[in-house]
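Biologist: I am new to this structure, and I would like to learn how to read the places where its parts meet. Could we go through it step by step?

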Protein chains: 2
Amino acid sequence: MAFHFEIIKGDSHSQARLGRIETSHGALTTPAFFPVGTQGTVKSLTPEELVEIGVEGILGNTYHLYLKPGHETIGRLGGLHRFIHWERPILTDSGGYQIFSLAKLRKITEEGVTFQSHIDGSQHFLTPEKVMEIQRALGSDIAMVLDECIPYPSSHEYVKASTRLTTLWAERCLKERRKDDPAFFGIVQGGMYRDLREESAGDLTRMDFQGYAIGGLSVGEPKSIMQNVLEWTAPVLPENRPRYLMGVGTPEDILHAVMQGIDLFDCVLPTRNARNGMLFTSKGKISIKQARYAEDPGPIDEACRCYACLNYSRAYLRHLYLANEILSARLNTIHNIYYYMKWMKGIRAAIQEGRLAEFYKAQISQMNEAPSDGAMYHQTAAC
Amino acid sequence: MAFHFEIIKGDSHSQARLGRIETSHGALTTPAFFPVGTQGTVKSLTPEELVEIGVEGILGNTYHLYLKPGHETIGRLGGLHRFIHWERPILTDSGGYQIFSLAKLRKITEEGVTFQSHIDGSQHFLTPEKVMEIQRALGSDIAMVLDECIPYPSSHEYVKASTRLTTLWAERCLKERRKDDPAFFGIVQGGMYRDLREESAGDLTRMDFQGYAIGGLSVGEPKSIMQNVLEWTAPVLPENRPRYLMGVGTPEDILHAVMQGIDLFDCVLPTRNARNGMLFTSKGKISIKQARYAEDPGPIDEACRCYACLNYSRAYLRHLYLANEILSARLNTIHNIYYYMKWMKGIRAAIQEGRLAEFYKAQISQMNEAPSDGAMYHQTAAC
């Protein structure tokens, strides 16, 4: 599969860079955010809607698709793009995170991972090679090598052994790589330990991956750790390869990470929170179920031009949410993804125009001053 | 509100008629089928999607909207059309059916109905005048007078008293009618008794309603009763007023009723069954969850041009259904409503071109010959 990354412009005050990734399914401008389509659908939306909102790529979960409907079925039906009617780039993860967070009775050996399906308890054995085969059948544009996602907190000893296993698995992947494969990314692990993060990043950099992911974050660790890990890791990674921060995050997290040199993001935050009635606005987050919106004729956000904001009142959206209507999930999801796409567009424009530092100051101070209606993120740790 | 009905063409072999209803929110061609938007949304779809599928009017449930978010709230927000972003005709029922089927501890007196909400147990009292006031606040184009929906089976004595009460309530409504009101329809009751159906139809016909509904069907009675009731009732109703068969039904039921002279229909059948994975096709009903579709690359129906059939395989739709994905409800609902709209269009074209008898023969024999995969209607009685 075709894969090419180029940096269009670097930022002079930070590590941020504006870039472009070409794939067999079209191009992406980076920094980019990929909405999550866990089971072969970005929950509640059609591909046409995603395109209209400005989404350039989506993430599919290898673990979920392997279990249901099965990568072989998807392969026989022409691959994931055709199966789900999405013609643009697809990034798939390695399943490591879901085996860690969803599956039961995990047993990890050097050979691979044995686990029980969270759906029906059936037993499965995944190796680095098998995970490549699954992503090949899916026809992903960007694929991840198998990693062990490490719980937080874990001892230095445990993290050291686990990270070396992930590195070993990465080597095995490289050996198995075929000409028409997706672009495989190595995943930097190392927990919250500087030496191990640097070692992992260094080891993987010496291998020729088409991109590098930073994993093992958003597993319940304090916010400051993410910042530290990025500071230790990003500088070690090769300049000319895309860097992907897995499972992150809030708009603020993304902006911080972009300034550390990250190019790609994915997170369930905008979509999952939409379904829980939490909406992003230019004046802070709101929780649409609140009584104060019962007869509010205004849109979610006066500054937003998404389909939900152009056509529906907060009062109606509150009614749909409380009535548990499917249209609630749709309209809220459209709005939140639109917000994220606008956010990424703003970041890219700021890098392009050499004003990322100003953008950062203006946005962060506005976020800090935003009046809150008490809206809270739902399960951010499970991104 | 504007309301005008004209018959464009009658059928020479049956009582069927092609007609046109003009309302303040645009025109409808009859025979017409209204998808049900119980809580101010046709479950899972946007108004734009409904328009694209060819829907000309939808039904809203007075009982549900009165309880949540409340007719006064909807009124203050500019009426139901504006609240839900639907600019075409809206028909609202009287709430009688839901009070009968959903509410608890009903008590009916000549003055009105006392009942407990199925949501929170709160007590409510609705009179014929109050039901008019609710539908006025909603801004319905076509509204129903309060009726008592009679359980099946009921004694002649009970049905007689109940039907007379419905007639009495209809008289009270007429007295309260204002110039700008929706077009109010009287509702013929009378259970499965010929004398009472004829009496009810005759009494209401002597009052000047803008249309006539036939109620009290789809309450668990055998299929043959519907046919009998239509034969007794329709001929008594005035030729120059639209006739509405409430809560009906299957495509076959609709075709039979059109041939008895019915102009309007509504039913949850296409939408509710879509959410349960039952899909209508030109070769019979199918149940999308069946294993035989696991790797079926074809569309739901080769003969269908709906968005779901043009872009997705049965295999993907089965996967979405089994994975409990919201997109499953959307795509299935689009397909089933499209099927109903095409069905109504076929009926109208057949009347227009004087070949309804041939249409009937061809369609019914095709339905009888269709191979079944065992798909069953879900809860048809609760239309």
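Biologist: How many residues does the contact take from chain A and from chain B?

Modeller: This is a predicted model, in which local features need pLDDT of at least 70, side-chain atom pairs count only at pLDDT 80 or more, and totals for chains, interfaces and linings use all residues. Residues are numbered from 1 along each chain as its sequence is written, while chains are lettered from A and ligands numbered from 1 in the order in which they are written. Two residues are in contact if their C-beta atoms, placed from the backbone, lie within 7 Å, and here the contact takes 29 residues from chain A and 29 residues from chain B.

Biologist: Which elements give two or more residues to the side of chain A that touches chain B?

Modeller: Helices are DSSP runs (H or I, at least four residues), as are strands (E, at least two), numbered from the N terminus. On that side of chain A, the elements are α3 (71-76), α4 (80-84), α13 (314-322) and α14 (326-352), and α13(A) provides the largest share, four residues.

Biologist: What rotation superposes chain A on chain B?

Modeller: Copies are superposed by least squares on the C-alpha atoms of residues with pLDDT of at least 70 in both. A rotation of 180° with 0.0 Å of shift along its axis brings chain A onto chain B (RMSD 0.0 Å), and the two copies are thus related as by a two-fold rotation axis. The same surface serves both copies, since 100% of the contact residues of chain A recur in chain B.

Biologist: Which residue of chain A comes closest to the rotation axis?

Modeller: That residue is A:I326, whose C-alpha lies at 3.5 Å.
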